[in-house]
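Hi,

Here is the structure I promised to pass on.

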Amino acid sequence: MSVSDETPTLDKSSSESSTTPKGKKRIDVAVAFVLCGALFSLLIFLYMFKQERDTAIQGFHVQIAQDTARFEQRLAYSFYNVASLQAYLDLSPQMAGMDLSAVASRIVNPHQGVEALLWLPEGQLNPTQFSVAEGAVVTDSLDPAVVDIFNGESVTSQIVQLGERSVIVRASGAGAQRMLALLDLDNLIKTTLLNSVENELVVHLFTAAAEANGPVYSLGQGTVAEDSITDKTITLLDGSELTLSFAATESYLAGEMNYTSLFFLLTGLLLSFLLASYLKRLSQHLKRLKDEQDIMSEQMIDTSWNDPLTGLVNRTHFDEALDIECRRAVREFSPLSMILLRIDDFAQYSEHYGVDAADILVQRISETLKSCVSRPGDILARVDESQFGFILPSTNELVVQLAERCSLAVRTLALPNESEAKDLCVTVSLGVVTLQPTRLLTAERLFDTTMQQLEQAREAGGDQYNAYIENSTEPSLTYSV
C-alpha cells in the first residue's frame, strides 16, 4: 500500500503544454511516497516495539505469578504447622517447656519459614522463646514489641521490625495456651520469590493497616517501568491481607526484547527510497502510455448505443453516462467510482488462437462481468476491444471488493491461454478509482485516473488490480494487489 497525491483535473486544451509540470508532478509523487513510506515504517516500528514490550511484560507477569504462588504456599504451610502445634498444646496444657520444645522441633520445619516460637509454660510469669533453627530454648531477653503482642488480645498476623529484620508474628490461643510464631520475612521472601530475586525485580510488601505509610518490606531497586506495576493480594488464615507489589525495571524489559521492530524500520525506509527511485524511472513510460490512451480514446467513434458483439453499452453511451453521473454525484454529494478492466495479453491471445476465438473470449468475459454487477444503477460497458468499464454511483472504498470478485470470476473460468509461457489461463488487470463529490470530480478526471491505475496494474505484471480511493478528510490511498 502506498500513498498518492490527489490527481488533478485534466484539460484537453492544455494537454499540449510543456512536460515540465508533468515531470514536476512525478517528482512530487516520489517525494510524497518517500515521506509516507517513512511514516508508515515508523508506525510499524512503534507498533511492533509496543508488541515486544507487551510480550516482555507478559513474561514478567508469568514469573511473578509463580513467585506469588510459592510465597503464598510457603506462608500457608508455615501457618498450618503453627496451627497444628497450637492444637497439640491445647490437648496437652500441662506439658512441660522442654517437652513442647521437642514437639515443636518435629512439627515446625525451619525451612518453611518459622524462626522461633513463644509460649507461656505453666508456672511461669514471662513467655519462653524456643529457636526452631537451633532446637533450644533462648535465654536472652525478649524483644519488648514481641512481648507486647504476646500479652495482647489480637490473634491476627502482624509484621514487626526486630532490629534490622522484618518478622511476621502469628499469635494464637489464650492464657496458658497462648502461642506466638515468628517467621523470618526476609528469608521467606528470598527463598520463594526466586524469579524476582534472580532478575533483580522490584518488590514491595504492604499490609492493610500500614499501606498508607509505605511498604513494610522492599526488595530490589532500579528504574521502574510504570506500565508493569502489578499488585498481588494474599489472604492469610486469620482473614488479614498482605499485598505484594511487583514492578519490572527498564533494564529487565530491555534484556527481554529482541528489537525486531528496528530491523523492520530500517527495511521499510530502504524499500521506500528504492520504490520512489523506481517510480521516477517509470514517469516517461507512464506519460507515453497516457498519450497512447488519449489517441485511442479520440479514435473510438461509434454512433450506436450497444456493442454488437457483447450487447453491453458501447464507448459513446459510456462517456455520456459518465458525464451525467459525475454531475449527479456532485449535485447529490455522493462519491462516484469507476473500474476499468482489461484482458491481459489479449493481442497475443488473438494472434495465437485467431480472431474468432478472441471474439468468443470477449463474449465469455462480458457474461461473467454481468454476473458480478448486482445494483440496477451500475453501468457496465465495453470500452474498447479488450477493455470493459464500470460506472458505480454512490460507492466508497469497498468498491475494491467488486474488483476482486471480477478478477476471481475470470480466473475461475480457467480459459486456457498458451500464448504466453508465464500464463496458463486468461487473466485480467483492473484499475479502480473512487472520487469524492467536489469541483474536481469530472468525467475526464475520473476516467484518466482510473486508466492510470489500470496501466499501473498492467505494468506490475497483470492479473491484479490497482485502486485509488480519494478521501476528503484523510490522505488519499492507493491499493496495489
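The largest nonpolar core has 41 residues, and the ones that touch the most other members are Phe-71, Leu-75, Leu-117, Ile-168 and Leu-185. Helix α1, which runs over residues 20-91, supplies the largest share of this core, with ten residues. Please keep in mind throughout that this is a predicted model.

Beyond its neighbours within four places in sequence, Ile-168 is in contact with Leu-75, Phe-79, Gln-158, Ile-159, Ala-181, Leu-182, Leu-183, Leu-185 and Leu-188. Two of the names from the list above, Leu-75 and Leu-185, turn up again among those contacts. There is another core as well, lying apart from this one: it has 31 residues, and Tyr-349, Leu-369, Val-399 and Cys-406 are among them.

For the overall picture, the protein chain comes to 13 helices and 17 strands. Of its 481 residues, 44% count as buried. Taking contacts between residues at least 6 apart in sequence, 64% join residues at least 24 apart.

How many disulfides does the structure hold? The count is zero. Cys-406 is in no disulfide: the nearest cysteine sulfur belongs to Cys-372 and sits 4.1 Å away. Cys-406 is buried, with a relative accessible area of 0%. Cys-36, on the other hand, counts as partly exposed because its relative accessibility is 26%.

- Ser-41 is in helix α1. With a relative accessible area of 6%, Ser-41 is buried. Setting aside neighbours within four places in sequence, its contacts are Leu-265, Gly-268, Leu-269 and Ser-272.
- Val-114 belongs to strand β2, residues 114-119, and is buried at a relative accessible area of 3%. Val-114 and Val-82 are 32 residues apart in sequence, while their C-alpha atoms are 8.4 Å apart in space.
- Thr-243 is in strand β11, residues 241-247. Its relative accessible area is 12%, so Thr-243 counts as buried. Away from its neighbours within four places in sequence, Thr-243 is in contact with His-204, Leu-205, Phe-206, Asp-231, Lys-232 and Thr-233.
- Leu-336 lies in strand β12 and counts as buried, at 0% relative accessibility. Leu-336 and Leu-322 are 14 residues apart in sequence and 9.7 Å apart from C-alpha to C-alpha. Not counting residues up to four places away in sequence, Leu-336 touches a list of residues that includes Glu-325, Cys-326, Ala-329, Ile-391, Pro-393, Val-433, Leu-441 and Leu-446.

The elements that give two or more residues to the lining are β12 (336-343) and α10 (346-353). Of these, α10 gives the most, with four residues. By type, the lining divides into nine charged, seven polar and four nonpolar residues.

At 21% relative accessibility, Asp-345 counts as partly exposed.

Another is Phe-333, where phi is near 55 degrees, a positive value in a residue other than glycine. Phe-333 is found in the loop between α9 (315-332) and β12. Is Phe-333 buried or exposed? Phe-333 is exposed, with a relative accessible area of 64%.

Cheers

How values were computed. Residues numbered from 1 in each chain as written. Predicted model: local features only at pLDDT ≥ 70, side-chain atom pairs only at ≥ 80, totals over all residues. Heavy atoms only, no water. Nonpolar A, V, L, I, M, F, W, Y, C, P; charged D, E, K, R; others polar. Disulfide = S-S within 2.5 Å. Buried < 20%, exposed > 50% of the residue type's maximum accessible area, 1.4 Å probe, protein only. Core = buried A, V, L, I, M, F, W, Y, C linked by side-chain atoms within 4.5 Å. Contact = heavy atoms within 4.5 Å.
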